[in-house]
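Thank you all for making time this morning.

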Amino acid sequence: MPHNYSYQAALAASERIGWKVDDIIGGDKHLDFTKPFMPEALAQVKQLSFLAPEEQLTLNQIRGHEYLAMFGLVEEFILPYVVDHARLQLSGDDYRVRALLQFAGEEAKHIHLFKRFRQEFEDGFASRCDFIGPAEDVSRFVLSHSPLGVGIAILHIEWITLRHYIEGVKDNQNLDPQFKSLLKHHWLEESQHTKLDTLIVESVVKSASPKEIDQAFKEYAEIGAFLDNGIKQQTEFDVESFVNATGRNLSKSEREAMTATVLKGMRWTYLGTGMTHPNFLTTVGQISPEGKKQIEAMAPMFC
Ligand SMILES: [Fe+2]
Ligand SMILES: [Fe+2]
């Protein structure tokens with residue numbers, strides 16, 4: 001495999017980076033609701049020219065709340081997946097065991113971090129924002145698939161976090177510093193997760209038959225379709241949250257335009273950025289050139 005990822009190096013990086021939830025939120029660290037939370041590359045609200053700038057800001061922040069909730073949701077199934085994988089081999093390579101447990105510990109910390117930010121959001125935002133779930137049902141569905149199918153879906157999720165930060169946030173001076181700090185600290189640790197999940201997927205592939213590999217790509221598509229159904233439902237929630245927060249009466253055409261724009265933004269944020277990520281495609285192409293082609297064929301719907 002053309003990479004130099006190792007459990008030892010990932011563990012060393014993780015120990016160097018390690019931050020605490022309280023370093024990032026709480027005390028005098030608050031969200032600034034006069035600023036956008038999400039980069040426009042993901043929020044995509046500015047194209048809704050019938051909205052006033054402050055309404056665009058509100059919709060951007062609603063997308064920020066959705067981002068917090070969505071990562072809270074997906075990390076709920078990443079955590080047991082990593083724990084289960086680590087549990088199978090608790091002796092042997094000490095670096096491997098420690099790196100995987102560190103990975104799991106960081107995801108548990110991220111779940112906590114996203115919850116803290118959601119609480120901070122709810123305390124400061126004008127009205128209630130709904131979110132799909134419950135997380136237990138999503139976890140149960142996702143984890144009912146094979147370890148390889150789920151591993152590929154998780155690899156997709158790890159890579160999108162990096163892309164979101166590098167392409168939209170890193171050099172962005174307009175965002176709320178607090179939300180930017182969340183995305184930065186998440187990215188710092190997810191950088192190790194992309195490598196560790198690549199190693200997990202490669203180790204699971206070793207014992208998989210060609211039939212199981214084909215099945216895993218079908219399962220990846222099934223998990224993607226399941227998340228896309230959630231995205232469609234969440235789009236309705238985001239639009240409703242906007243109406244509740246602003247009190248604005250949207251005309252039928254405005255509502256349709258907002259729904260289409262939010263749906264496109266969400267699909268790009270959670271699905272398209274992964275299905276077109278070069279490193280993700282490299283790994284899946286090494287497992288199955290045919291599977292990679294299937295993902296490339298699906299991707300335009302989410303871009
Ligand atoms: Fe995470
Ligand atoms: Fe992660």
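The largest cavity in this predicted model has a volume of about 140 Å³, and the structure holds one cavity of 30 Å³ or more. If you wonder how such a space is found at all, rolling a probe the size of a water molecule over the atoms shows where empty space is left.

Which residues lie nearest the centre of the largest cavity? They are H156, I157, L227, Y270 and L271, and they belong to a lining of 15 residues. The elements that give two or more residues to this lining are α4 (53-87), α7 (147-169), α9 (210-246) and α10 (252-275), and among these α9 gives the most, with five residues. When we sort the lining by class, we find 13 nonpolar residues and two polar ones, with no charged residues.

Let me now step back to the chain that surrounds this space.

How much of the chain counts as buried? Of the 303 residues, 55% do. If we take the contacts with a separation of 6 or more, 84% of them are accounted for by residues 24 or more positions apart. The accessible surface, for its part, comes to about 13400 Å², and 53% of that surface belongs to carbon and sulfur atoms.

For a local example of burial, please look at helix α11, which covers residues 278-287 and whose buried residues are F280, L281, T283, V284, G285 and I287. What covers these buried residues includes α7, α8 (177-206), α9, α10 and α12 (289-298).

S91 lies in the loop between α4 and α5 (94-124). Is S91 buried or exposed? It counts as exposed, because its relative accessibility is 59%, and the cut-off for exposed is over 50%. S91 and A69 are 22 residues apart in sequence, and from C-alpha to C-alpha they are 35 Å apart in space.

How values were computed
Residues are numbered from 1 along each chain as its sequence is written. Chains are lettered from A and ligands numbered from 1 in the order in which they are written. This is a predicted model: local features need pLDDT of at least 70, side-chain atom pairs count only at pLDDT 80 or more; totals for chains, interfaces and linings use all residues. Side-chain values use heavy atoms; hydrogens and water are left out. On a 1 Å grid over the protein atoms alone, a cavity is a set of points where a 1.4 Å probe fits but cannot get out, and a pocket is an open set with protein on both sides within 12 Å along at least five of seven lines; lining residues have an atom within 4 Å of a point. Grid points are joined across faces, edges and corners, and a volume is the space filled by probe spheres set on the points. Helices (H or I, at least four residues) and strands (E, at least two) are DSSP runs, numbered from the N terminus. Ala, Val, Leu, Ile, Met, Phe, Trp, Tyr, Cys and Pro count as nonpolar, Asp, Glu, Lys and Arg as charged, and the others, Gly among them, as polar. Buried means under 20% relative accessible area, exposed over 50%, partly exposed in between (1.4 Å probe, protein chains only). Contact means heavy atoms within 4.5 Å. Accessible areas come from the Shrake-Rupley method with a 1.4 Å probe; for residues, only the protein chains shown count as cover.
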